[in-house]
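Here is a brief report on charged side-chain pairs. The sequence and the model come first.

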Amino acid sequence: MKVSVITVNFNQPAVTEELLASIPLTDTELEIIVVDNGSEKDNTPQWQIKYPTVRFIRSDKNLGFAGGNNLGIKAAAGEYLFLVNNDTEFTPGLVDKLADVLNEHPDAGMVSPMIKYFSDKNIIQYAGYTPISYYTCRNTCIGLREKDTGQYDNIASPTAYCHGAAMMIKKEAIDKAGLMNEDFFLYYEEVDWCEHIKRAGYEAWVCTSAVIYHKESVSVGKKSKLKEYFMNRNRMLFIRRNAPLFKQLIFYPYFILLVVPRNIVEYIKDKNYEFIPMLLKAVWWNIVNTKNSKNLGYPINNIS
């Protein structure tokens, strides 16, 4: 059994090197793949010299989170594929604990570890998800910002969704469900993927004895035009792709008549006026791209 660790770099070479420093690169059962996803500077030649056991793949174009990971998935040789954000840090036993869950539970198609914040390793970011309501496209991240007092210790069980910052997937599940949908580009793609993997007959699991630390939003930023655009655009896209028609007909008025005005008021209150056109463009993209077109509708370089 071989595990392929896949991470995507976008203009964050130092952050990616910090991740590599936390991975046991001498472990012959690990295949490490770094996809450089259209970074302004191509660091792969010097990286290949510095890290001879790591495989580096260069894309001259930014393919987004889904596209970058899909590029790594296509090249991976592992039976299990461990997709991790480049702004994460491994802990001892992480890979083995996740692989054990997939080994021991045939119905488990993917599993995420407990995720804690790198800035405060006693604070939890993720210990599972509740299901998304198709009426509102909202759910709850279990454990979010809670202090770790052992309340989620030793949990290995199904959850609604894995977390895109760190998720190990069986190759056989990907073969049945397909790759991540690249229409999302950024945000919601892993939740959509979980939905399709579950429809292929597998479960999403969380294993809290496995822990990874997350620096969170290093590439995108905690608040940015890019994030506001894709979070809103893809919230609608997720419902279009996954919700029954009746529930879609409830969601659209809710989003247009409640969420959009509320967000605009918050943007004005916080003086984030530049976010308003991003929200409107996000809605408009879903109106004009009725067939999940790969045309992003608004150039990525003009959002960031």
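## Salt bridges in the predicted model

Asp148 and Lys116 form a salt bridge, with their closest N and O atoms 2.6 Å apart. The pair links distant parts of the chain. Asp148 lies in the loop between strand S7 (124–126) and strand S8 (156–159), while Lys116 belongs to strand S6 (residues 108–117). The two are 32 residues apart. Asp148 and Lys116 are both buried.

This is a predicted model. The count for it comes to 9 salt bridges. Three of them are tabulated here.

| Pair | N to O distance | Separation in the chain |
|---|---|---|
| Asp148 and Lys116 | 2.6 Å | 32 residues |
| Arg58 and Asp36 | 2.2 Å | 22 residues |
| Asp192 and Arg241 | 2.9 Å | 49 residues |

Next, the strand pair. The side chains of Arg58 and Asp36 meet in a salt bridge at 2.2 Å, N to O. Arg58 sits in strand S3 (residues 54–59) and Asp36 in strand S2 (residues 30–37). Asp36 is buried, because its relative accessible area is 0%, under the 20% cut-off. Arg58 has 26%, so it counts as partly exposed. Both residues also belong to a network of salt bridges that links Asp36, Asp42, Arg58 and Asp60.

Then the helix pair. Asp192 in helix H6 (residues 189–199) is paired with Arg241 in helix H7 (residues 225–242). Their side chains meet in a salt bridge at 2.9 Å, N to O. Arg241 counts as partly exposed, because its relative accessibility is 23%.

Methods:
Residues numbered from 1 in each chain as written. Predicted model: local features only at pLDDT ≥ 70, side-chain atom pairs only at ≥ 80, totals over all residues. Heavy atoms only, no water. Salt bridge = Lys/Arg side-chain N within 4 Å of Asp/Glu carboxyl O. Helix = DSSP H or I, 4+ residues; strand = E, 2+ residues; numbered from the N terminus. Buried < 20%, exposed > 50% of the residue type's maximum accessible area, 1.4 Å probe, protein only.
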